[in-house]
Amino acid sequence: MQRMGEIAGRLLGARRTVRLARFGKTPGALVWQPKPPGSGDAAAARRLASGVLLFDGRLVETTDPTPWALTGPDRVWTDALHGHGWLDDAEICAQDPVWAALIGWVWSWIDRYAQGSGPGWQPDLVARRLTRWIAYSVRILRGQPKERSDRFFQALGLQTRYLSLSWRQTANGLARIEALTGLVYAMLSLEGTGRSSQRVIRALGDATQAAIGPDGAIPSRNPEELARIFALLTWSARGIEDAGLSPSKLQLDGLKRVAPVLAALRHGNGTLARFNGGGTGRGLNLDAMLKEARMRGPAPLVGGPAMGYLRLQTSHATAIVDAGSAPSFAVADTIHASGLGLEFTHTDQPIIVNCGSGLAFGDKPARAARRRPSASSVELCNRCPALLVPGSGQRPDGNLHLTGSVTGQLDPDPSGPWALCKSTEYLKTTGLVIERRVHMTPIGNRLVGEDTVLATTAEGRSQAAALLEEAGQVPITARFHIHPDVQVVRPASGTAIVMNLPDGTRWRVLIDADTTELVPSQFFDPIRPKPRAAIQIVATAHLIDYWGRITWSFEKLSTGAAPG
């Protein structure tokens, strides 16, 4: 009931703002229209035109020519539909009947909702829609009668005025930056609306300063969210300059802070590490954005953790470890319990992964994805160090409460880089500390790790002894979720696990623990309607007195070689 009340209140507030926004002059022409950041997918556009609506893993099918009579499965799906981001996909098919079909959706939306009705009226969503409409307006208006053209410009004008009145209602961070970026874009693009552009440019600078910390991090520690902020700021700075104006110094300083952090959160294949609910950055041209950022001037170097993550890099491989403490309670409805979590990519192939965000697949997968067993990490006593409690925000899967801290540092070594990490997340309940040491050889053909659990104080030893006496044993579990494209087998003879990669190379996994098992896992990919089946390697050791350890290695074998 509380959530329904929040939704009703939000819609009521939007209606009031729309009524105020109706008073104003309709722009008569476009004076500027750069393409929005990101890229489209022709296959996605064809699916949409055929009535298969897949947004963030949620699939709805329809035989209607437009989707606006559908009831979406949740707000995320509905926002994706009403945000019109799918026009990026449609634009790839500009000479195809697919384009005509999807442009029909735009005109149908105008007929139904352009006066302020429907669920598509929240500032960041309006900005997303407005940006796409303006960017593709020449093609949208081609061959249309004057009456339709007039209605299109009336809708653009109303949404621009709505944004100018409502952007302050957004939360600091991605939502506010997206709203202000859309407003800047509209003011510079629509004839007669640019008088207040300098004020909005300053507001965008202030929003950048508020969203991005001195170290280039954001509170959620979500790499993909940081990348989307970076994309919007890079694109809007370029647009402001193209229009003959100057971006705020605060905006440019924010870009300089973010660029090295974002570079450190990317694997060698260009994808982002999937931590704290973030995806791989699909659709964002990160290489081009980072190159543009470097052209603007040197950025500060990241000498230690980047937003709490450590990156081990060689010529062929990258490993990224979550060595940062959980974000503040203010973003407790988005974080994952992924402390000490590991991802490993060799050349273009992800090998060790995290399950990712399950939000696209329902409440139960969303909750499971945020707990420790869904990360390639270490846990004690078969339990997550975080407590998940119901939340009252947009997320159905609640708030995550974590105690303790996670810290780490990089140690460059002639034999290859080391990540040295420590977690006190279990200290309060067990008296034990976890240390994870990860090493990569100089050419990235071998990844070695050591996970040690120990009591470091007299009080901790007493608490661990009491726990052992009560439970009989204290299991230590290290999990390695393997990417679904990698085949994992365990030969009948021998102790090694063998992995066959899509490129034909073979890897050997050696683990020193009491038991090692291959267990089913899931890989959450929001462009698919269902989670992908995968395998996790689960190693278990047990605490002896005040100490326990698991050692492991992933080693590339020569193509076709048999495991040793």
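Me: Before we start, a crossing counts as left-handed if the near helix is turned anticlockwise from the far one by less than a right angle. So which handedness does the crossing of H12 and H13 have?

Reply: Bear in mind that this is a predicted model. The crossing of H12 and H13 is left-handed. Their axes come within 10 Å and cross at roughly 140 degrees, with H12 covering residues 249-264 and H13 residues 286-295.

Me: What makes the contact of H12 with H13, by class?

Reply: On the H12 side you have Ala259, Leu262 and Ala263, and on the H13 side Leu286, Leu290 and Ala293. Ala and Leu both count as nonpolar, and the tally is six nonpolar, no polar and no charged residues.

Me: What makes the link between the side chains of Glu292 and Arg238 a polar contact?

Reply: The N or O atoms have to be within 3.5 Å, and this pair is joined at 2.8 Å. Setting aside neighbours within four places in sequence, Glu292 is in contact with Thr234 and Arg238.

Me: How do you know that the span of H9 agrees with what its residues should give?

Reply: The expected span is 1.5 Å times one less than the number of residues. For the 16 residues of H9 (residues 174-189) that should be 22 Å, and the end C-alpha atoms are 22 Å apart, so the two agree.

Me: And why is H9 called largely enclosed by the rest of the structure?

Reply: Because 14 of its 16 residues are buried.

Methods. Residues are numbered from 1 along each chain as its sequence is written. This is a predicted model: local features need pLDDT of at least 70, side-chain atom pairs count only at pLDDT 80 or more; totals for chains, interfaces and linings use all residues. Side-chain values use heavy atoms; hydrogens and water are left out. Axes are lines fitted to C-alpha atoms, for helices over the stretch in contact, and angles run from 0 to 180 degrees between N-to-C directions. Helices (H or I, at least four residues) and strands (E, at least two) are DSSP runs, numbered from the N terminus. Contact means heavy atoms within 4.5 Å. A polar contact is a pair of N or O atoms within 3.5 Å; within protein, one must be able to donate a hydrogen and the other to accept it, and residues adjacent in sequence count only if both atoms are side-chain atoms. Buried means under 20% relative accessible area, exposed over 50%, partly exposed in between (1.4 Å probe, protein chains only).
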